[in-house]
Amino acid sequence: MERRCRVSGTLNLLIGLAMGLNLLALASSRLPTLIGAVAVQGVVLGVMPLLMEHQFDWIVALVALGTMAVKGFVIPGLLRRAMRTASVDREVEPSIGFVASLLLGSGGTIAAVALSRALPLLPEHAGSLLVPGSIASVLTGFVLLIGRSKAISQVCGYLVLENGIYLFGLLLIHATPLLVEAGILLDVTVGIFVTGIIVDRIQRAFDSLDTRKLNVLRE
Amino acid sequence: MMSFLEIVLRVAGWLVLAPLLPGIINKVKAWVAGRRGPPVLQLYYDLGRLWQKGVVLSTLASPGFIAGPAVTWVAIFGAAMLLPLGPAGAALSFRGDVLLLIYLLALARFCTTWAALETGSAFEGMGAAREVSYAVLSEAALITAVLTLSVHTGSVTLATMLEPAAGAGAALLGAGLFCVLLAENCRVPFDDPNTHLELTMIHEAMILDHSGPPLAAILHGAAMKLLFFALLLIEAVVPVGTLSPFAAAATLAASVLAVTVAVGLVESLLARLAFRRVPLLLTTAFLLCLFALLVAWKGGAA
Amino acid sequence: MKPLLLILLPLAGAVLAAVWPGERTRPWLMPVFGLMHTVLAFWLLFDPPVVAPGAWLAFDPLARAVLPAVSLLFLVCAAYGVSYLRVRSERPNRVFVAMMLAVLGLLSAGHQARHLGLLWIATEGVTLAAVPLLHFNGTARAIEATWKYLLVGGTGIALSLLGSFCLSYASLHSGGSGDLTFVALAHQGAGLSRPWVLSAWVLLLVGYGTKMGLAPMHTWKPDAYGEAPGIVGAILAGGVTTVAFTAVLRIRAVVSAAGEGAIADRTLLAIGLFSMLVAALFLLGTRDFKRMLAYSSVEHMGILSVGAALGGAGVWAALFHVWSNSLTKGALFLSAGNINRAAGGRTMDQVRGMSIIAPQSAAIFVAGMFAVTACPPFGPFFSELRVVRAAFDAGRSGAAAMFLGCMLFAFFGLTRLVFAIVDGRPRPASSITSRRFPENASVVMPPLILLAFSLWLGLATPTVLLDAWTGAVAQLYLAP
């Protein structure tokens with residue numbers, strides 16, 4: 001029981017760290033910092049399933065390792081490469097200012113904590129920050145998606161959103177059958193790759209990754 | 001009731017020790033840069049020299065030009081007297097003294113900017129405008145920090161408020177207060193105290209036209225403010241009040257030294273931020289204090 | 001076995017298309033596999049299999065009521081696709097053909113999924129498989145549209161995953177065993193934790209509503225439909241949106257079993273009417289006839305949503321409308337594609353006098369326009385009439401009045417644009433492009449066939465379909 005308490009304390013600390021990284025992602029004004037924040041968040045999230053298991057489980061370890069590799073290294077690496085080859089300006093160029101997005105993000109975090117009190121939890125999840133962390137990350141992802149104009153930073157926003165959902169998924173780690181989990185992981189990975197390809201196409205077609213240039217189609 | 005001797009000691013301590021801090025910071029910066037740098041006691045020499053000089057007064061200036069620095073110094077000194085020093089307590093303590101503390105700091109800022117505006121010079125006006133616009137954010141952070149301590153202990157008296165909680169809350173509060181310290185004392189990355197370009201100055205721009213004893217009062221007041229914020233930061237994070245007097249004195253001295261060195265390191269390793277980035281950092285400080293407040297509030301409820 | 005074949009056959013076709021060597025013969029894979037799929041689907045329509053209650057994938061009554069329509073639409077579009085790809089021989093078609101077949105397979109999986117997670121996987125798969133189809137033209141505008149589609153659609157899909165997790169947690173919280181089939185979830189019924197069910201409903205409605213294109217999550221639709229080839233638009237509007245609609249219906253049944261049916265119906269009604277209103281307003285403003293089709297699709301998704309909110313009779317009418325809308329929209333998209341190619345433009349400023357340049361396509365386009373604005377005797381008239389009747393029967397006369405008002409404005413918007421394109425003297429530039437893309441049977445017949453189906457659906461609805469829709473309503477409303 002005591003070990004369980006300690007583990008859930010560590011878990012909460014990691015989730016707190018992930019929430020802090022959300023705010024860092026919102027405040028970072030340069031693309032490398034933003035990508036770095038998302039990458040570290042991915043690694044932090046990858047560690048969590050290992051902490052939730054009571055005894056060592058091959059499959060969970062594999063999922064954790066895969067998550068860490070994909071979210072922490074592969075995707076950030078792809079984004080960095082896209083940034084280099086596109087030789088984009090490293091400034092983030094927000095359409096919602098940094099201070100405003102930071103305030104929105106922290107308001108969202110506070111609202112997430114308040115909101116999660118209204119949702120009943122199973123006894124083994126009581127006192128865990130998984131739900132507020134998840135909602136906060138989803139909201140942060142939204143702010144990044146809406147408030148940033150470069151394709152790379154929008155992808156980062158999408159990743160943060162995805163991370164939030166992943167956090168929520170950890171609540172169900174003992175319940176969902178593996179088939180579904182694997183399918184979900186596969187879909188997410190493929191989705192990211194498709195996104196990467198489109199980012200590449202945008203770069204070639206528009207010679208820029210600034211999505212404000214994608215403004216022909218409108219009413 | 002405190003003895004007369006103790007009060008004398010306390011006042012002397014604040015007056016004499018404060019100018020040491022800028023000296024240490026400059027020494028650290030010189031050390032990092034591989035220079036010898038000015039002596040640690042440089043500020044004392046400067047103060048002595050300035051005190052002997054005369055005052056150059058503009059024909060435009062009203063008495064406020066002289067009164068401003070004086071009132072500022074007195075206000076900071078008053079705030080220093082309200083701050084408890086570990087187990088020794090404060091020179092003056094009553095219920096709600098924390099409000100007086102915040103207002104004294106605000107008064108000090110008001111008088112500095114007032115004196116700056118008295119000169120009628122464009123640079124002073126610009127510096128004053130920057131000072132107050134950043135102060136809006138840093139005061140919000142400071143007030144939130146005070147509120148955090150107040151919520152955590154359920155008290156509005158400084159002597160009982162400074163009993164920090166361990167854990168994430170203290171770390172957040174410490175980080176937030178450190179940012180406030182840098183901003184309030186016009187250090188890098190908010191302002192560069194060594195700059196020679198008036199356009200990039202904040203605090204320095206406000207005191208360009210001061211000379212002689214008023215300038216000495218301003219410099220000494222700034223040094224006291226630095227010491228004051230260093231002590232506030234330490235006592236908000238480290239439970240000094242529970243230690244024995246000697247241990248407390250040693251902890252305080254060591255921590256003040258650590259904070260000073262940290263300021264020096266920050267100053268040598270970071271560059272000054274562009275002006276439009278400053279609000280972001282101050283907002284971050286505010287948010288750090290706000291989250292500390294939430295932790296204190298939630299911890300209190302649970 | 002046959003239900004599984006519905007999924008595996010097109011996927012196998014996709015793999016085959018990916019390795020098929022001949023650029024000119026490859027497009028024929030689409031109608032071949034489409035035909036096999038349609039035969040299977042209609043076989044199952046007439047001879048429904050027995051559904052095991054715990055099955056994850058099955059040709060259950062709801063799939064039976066919708067999937068054959070998608071299959072039929074795909075077959076006709078595939079036949080059109082062969083001639084289309086011959087015209088567009090300058091673009092490599094390997095990815096296009098493979099992804100078309102993959103979309104068909106995943107659509108069949110989505111329609112037949114009786115498991116929350118599996119449904120999500122299939123829908124996400126469809127979303128991703130449609131991406132290469134959207135930027136088939138490879139222009140900068142097509143890429144812009146694809147990016148918007150990916151961003152909005154991806155967010156919607158992410159939210160529906162979050163909603164699925166919420167629903168799973170609701171089940172887990174009330175002592176569920178982690179069985180996420182819709183049957184098991186509905187069986188838990190009122191035991192499901194209320195706050196979790198409500199959050200799940202909101203997130204899933206937003207998520208799958210994005211896929212359907214309900215306002216205000218419809219923003220990807222005009223761009224995507226405007227830039228994609230007509231055949232892709234037809235599949236998206238008639239196929240992909242319906243899989244999201246069946247998802248909403250299945251989830252609504254679970255929410256209703258949990259005792260929150262009234263709230264679910266109210267949100268569906270509100271979002272449906274809002275979609276119709278937004279679509280009607282944009283239809284009055286748009287000058288581009290392919291974007292017009294997108295807004296019309298938003299309007300019809302609103303109609304489906306309103307129908308789903310009105311109880312059994314409403315759902316029955318909505319299922320009817322799925323058929324009539326899919327087939328009519330297909331006819332419109334394909335004839336719009338013809339007009340677009342012949343005229344070399346898409347806005348009413350560039351395109352005039354189509355009744356002279358491409359008379360047959362223009363005639364089909366006008367007839368399709370009357371069909372889609374619910375003029376008798378086409379299918380949509382009868383299905384929408386039933387929705388309105390269900391609204392009056394349910395005592396929602398205010399909603400019915402708003403419904404009819406939106407339909408009227410949509411009619412104004414559509415006729416304004418369509419007649420501006422069809423009437424008048426052709427522009428000189430169009431006479432050159434129309435010679436490059438002459439009308440022939442291979443591009444005129446498919447939309448004509450779809451229009452004929454729509455007419456037949458309206459005049460003499462086959463009893464087997466009536467039976468299938470009744471069965472689906474029974475599944476959704478009488479399930480445990």
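Predicted model: local features only at pLDDT ≥ 70, side-chain atom pairs only at ≥ 80, totals over all residues.
Chain A follows the pattern α-α-α-α-α-α-α along its sequence. Its secondary structure amounts to 7 helices and 0 strands.

**Chain A itself**
- Chain A has 219 residues, of which 44% count as buried.
- Contacts in chain A between residues at least 6 apart in sequence were also examined, and 75% of them join residues at least 24 apart.

**Where chain C touches chain A**
- On this interface, 35 residues of chain C are in contact with 35 residues of chain A.
- Several helices of chain C each supply at least two residues of the side that touches chain A: α5 (116–134), α6 (140–173), α8 (194–212), α9 (220–227) and α10 (230–285).
- Among these, α6(C) provides the largest share of that side, with 19 residues.
- Sorted by class, the side of chain C that touches chain A holds 18 nonpolar, 13 polar and 4 charged residues.

**Where chain B touches chain A**
- Here, 8 residues of chain B are in contact with 9 residues of chain A.
- Helix α12 of chain B, residues 278–301, gives the most to the side of chain B that touches chain A, contributing 7 residues.
- The side of chain B that touches chain A comprises 6 nonpolar and 2 polar residues, with no charged residues.

**A general remark on interfaces**
- The size of an interface is often expressed as the accessible area lost when the parts come together.

Methods:
Residues numbered from 1 in each chain as written. Chains lettered and ligands numbered in written order. Contact = placed C-beta atoms within 7 Å. Helix = DSSP H or I, 4+ residues; strand = E, 2+ residues; numbered from the N terminus. Nonpolar A, V, L, I, M, F, W, Y, C, P; charged D, E, K, R; others polar. Buried ≥ 20, exposed ≤ 12 C-beta atoms within 10 Å, placed from the backbone.
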